[in-house]
Each structure stands twice: as structure tokens, then as C-alpha cells.
Amino acid sequence: MPLQDVAERVRPALAGFEPYDPAFSPCEVNLSANENTHPLPATVLERFAQACATTPLNRYPDPLANELRDELAAWHGVARESVMVGNGGDELLFNLLFSFGGPGRSLVVAPPCFEEYKNFAKMCQTQVVEVWRDEQSMLPNADALVDAARDAALVMITSPNNPTGDLVDPELVRQLLDQTNALVLVDEAYVEFARNGSSLVPWVADNPRLMVLRTLSKAFALAGLRCGYLVADPQVIDVLAAIRQIYSEDVLAQAVAVQAVRCREELAPIVTDIVAERGWLAQRLAQLPGAVVWPSHANFLLVRLPNAAVVRARLRDEHSVLVRDFSYAPGLADCLRVTVGTRNENDRLMAALEAVVEGGQA
Ligand code: PMP
């Protein structure tokens, strides 16, 4: 008998969800997913290969990834008990909502921002309160956020924000901590691309309701490995430790991530290069007819262009260059998000854009 009533069998809160669509098409130049496209130094790759070759696969992983936690804790000057590792930042975001959200509780977000917050909140039956950013500046409305957060279980703020690129004003985080009782997550997935001193990790020790999310997917060029981490109060970490999928961080991910953190000085020049390329690309994008480019502290730029969806399709189909279309999203009419690539990739992007935009009929 075929299964006919699966929609009725599924847990009501989970009905209607669609699989995540990264809107990927194979292209020669892929600047669509905020990945780090720079090649890693041979010495670093060699250490990763060595780590994989010497890691037995027949044994279960350490559920809490303690060697990696220690490496991350030493880097950030915190105790192991303040760090939790996850299968990408995504797993930690889900687990935060699973643990601290739920029926009768709410999450406050400042869209346009990372959409997974909302999806995970809905899956965990958590009400989502959206405090929209200013349509021109794309900056959050601080007073409205603090007001909304007074009754909230959780607030999630992205810094730098995806897709707008701005850093949160630390004063806003201060107000959220002082004037509300919510748990405040600052998602710093892209913070390595911002100026030194932008991270709020040093605040965690004195602010037990502050949690900072980081990932190895961006600056460390390990999006495929799936490793993110949270720095938070040990009591928050204990809750996450208790509810997590026990072996979600596999042995290879743990072994490679340990090496990556140890190699961070060798990876730093790549981040410096991406930051320099971001400045170059921002200037070039701004010269396109009708373009608006927002200042970015991340490894991507948000650009508004006339007929953005058509431009994006033509870049893909005629020039094999893939960027992300956000023109369908509320508040982001005619907006594309382009990842900052290598100079060669950025040149390909600009040549393609100039051909499409200046050739007309976009
Ligand atoms: N936060 C933000 C703002 C992101 O853009 C992303 C990935 N695109 C993540 C978290 C999660 O990254 P990952 O799961 O790869 O660590």
C-alpha cells in the first residue's frame, strides 16, 4: 500500500517545511555562498591530510570534542567549559532554539538576516518577532529591538550581518543585556573579516546571558567540514551538551578542525587578501549604472542593481558566474549578494557584470 497520508502523520509544527535550497548551479566562478574560495597553503593542506590519515574511523568520536574545545578555548582565552562545538554553526543555532525556545516563547530577530534563525524557531514552535532594519541604511532599529526583546526568550543578532554586511553596534548589545532578560546570541560567522577587536567573545565572561557563535566555514575555508562553535556561560554550554546529537561532530572534522585552529596564523594572510579585495570590488560595483553597494565587514557585498534577478540569471547562463539573488526577499528588492573571491574571480565577475549591465536589456 502506498503511503498516502504522510502530511497528516507529520508533527504539525513541522508540516510544510521545504528542503533547504542553496540555489546552486554548477558554474566556473561560484561567488554565491560566502565560502572562502582562496587556495590554502600547501603546509596547511599537508597537516589536514596527515590528521585524516592518522585518525581511526572504527572508533566513535569524543562526543564533546574536548581536544578541539581546548584548542578553541586557549585561542579565545576562555575555559573549555565555555565552549561547545557543533556540526556547523547551524547545529548550534538549532540546539539553542530546541533548548531555550518552545511553545509560549519568542525569538527576536532583525531581518533581513540569516533566514535559518526563523526556520529553526518555527521547527521548535518558537514565535518569531521580526524587527525590520531600515530599508535604506539596512541598520537595525535599536530601540525597537530592545523593546521587543523585553518579553523574549532569545535574541539573535548577526555581526557582521548576512546579507547586509554591517557590524552590530556594541552599545545595542549592551542595552539588550542591561534592559532585557533575554539570552542574546551574537552570530559572528564572518567576524574574522571585520577589523580587529570587533568580536564580543571577550564580553562573555562578564555577561552570562551573552552567547557568541563562530564557525570554521568562512575565514578558515572549511564550509564542507561542518564545524562551528559557541562561546557562552558554562551553564548554557551544559544544557547544549545534554541535548545534542551525541556524535554529530565526526572524528575527521574534529581532527582537521584542531589543525585548522593551530594554523590560524598561516591562514591570516588569506583573510587580509579578502578584505583588500572587498574594498576593490565594492568600488568597482559602485561604478555600475544605478548600483547601490552597502559597506561590508564580511566576505561578501550586498549590491542593489536594476533588474537584479535578470542580471543574476544572465551572469549564470552567459558567463558561468554564480552570485546569490535576494530580490525575492522582503526589504531586499533588486539586491544581489556577491561573495568576495580571488582577484581572478572578482575580475571575472566584474567583466561579466559590465557586459550584462552595459550591454543593456538586463
Ligand atoms: N550564521 C550566518 C550568519 C551564516 O551566514 C551561516 C552560513 N551561511 C551560518 C551561521 C552557519 O554556518 P555553518 O553552519 O557553515 O557554520
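A: Let's start with helix α6, whose buried residues are covered by elements that include β3 (106-109), β5 (154-158) and α7 (170-179). Please keep in mind that this is a predicted model: local features need pLDDT of at least 70 and side-chain atom pairs count only at pLDDT 80 or more, while totals for chains, interfaces and linings use all residues. Residues are numbered from 1 along each chain as its sequence is written, and side-chain values use heavy atoms, with hydrogens and water left out. Helices (H or I, at least four residues) and strands (E, at least two) are DSSP runs, numbered from the N terminus, and contact means heavy atoms within 4.5 Å.

The helix itself spans residues 142-149, and L145, V146 and A149 are buried there. Buried stands for under 20% relative accessible area, exposed for over 50%, and partly exposed for what lies in between (1.4 Å probe, protein chains only). The three residues sit on the same side of α6 because they cover an arc of only 95° around the axis, the arc being that of the directions from the helix axis to the C-beta atoms. An α-helix has 3.6 residues a turn, so residues three or four places apart point the same way.

P160 is found in the loop between β5 and α7, and the peptide bond from S159 to P160 is cis, with omega near -5°. P163 has its place in the loop between β5 and α7 as well; a cis peptide bond joins N162 and P163, with omega about 15°.

Now on to the ligand. It has 13 residues around it, of which G89, D187, T215, S217 and R226 come nearest; a residue is near a molecule if one of its heavy atoms lies within 4 Å of it. For polar contacts, the rule is a pair of N or O atoms within 3.5 Å; within protein, one must be able to donate a hydrogen and the other to accept it, and residues adjacent in sequence count only if both atoms are side-chain atoms. An oxygen atom of the ligand lies 2.6 Å from a backbone N or O atom of G89, and a polar backbone atom of D90 is 3.1 Å from an oxygen atom of the ligand. From the side chain of K218, an N or O atom is 3.3 Å from a nitrogen atom of the ligand. The protein covers 91% of the 400 Å² of accessible area that the ligand has on its own, with areas from the Shrake-Rupley method and a 1.4 Å probe.

S217, one of the residues that come nearest the ligand, is found in the loop between β7 and β8. At 6% relative accessibility it counts as buried. S217 touches L222, A223, R226 and C227, leaving aside residues up to four places away in sequence.

Strand β8 (residues 228-231) comes next: G228 and L230 point one way, Y229 and V231 the other way, and all are buried. Two strands pair if DSSP finds at least two bridges between them. Strand β2 (residues 83-86) pairs with β8 in the antiparallel sense over four bridges, and V83 stands opposite V231. Strand β7 (residues 210-215) and β8 are also antiparallel, over four bridges, with L213 opposite L230.

Another sheet is worth a visit. Here four strands form an open sheet in the order β9-β10-β13-β12, with antiparallel pairing. The edge strands β9 (292-293) and β12 (324-325) each have a single partner strand, so one side of each is left without a neighbour in the sheet. Five bridges join β10 to strand β13 (residues 335-339), and T339 is the bridge partner of F300.

N307 is not a glycine, yet its phi is positive, about 55°, and it is partly exposed at 41% relative accessible area. S320 lies in the loop between α11 and β11 (321-322); its phi is positive too, about 55°, but S320 counts as buried at 18%.

Finally, H38 lies in the loop between β1 (29-30) and α2 (42-53) and is buried, with a relative accessible area of 9%. Its side chain joins that of D273 in a polar contact of 2.8 Å.
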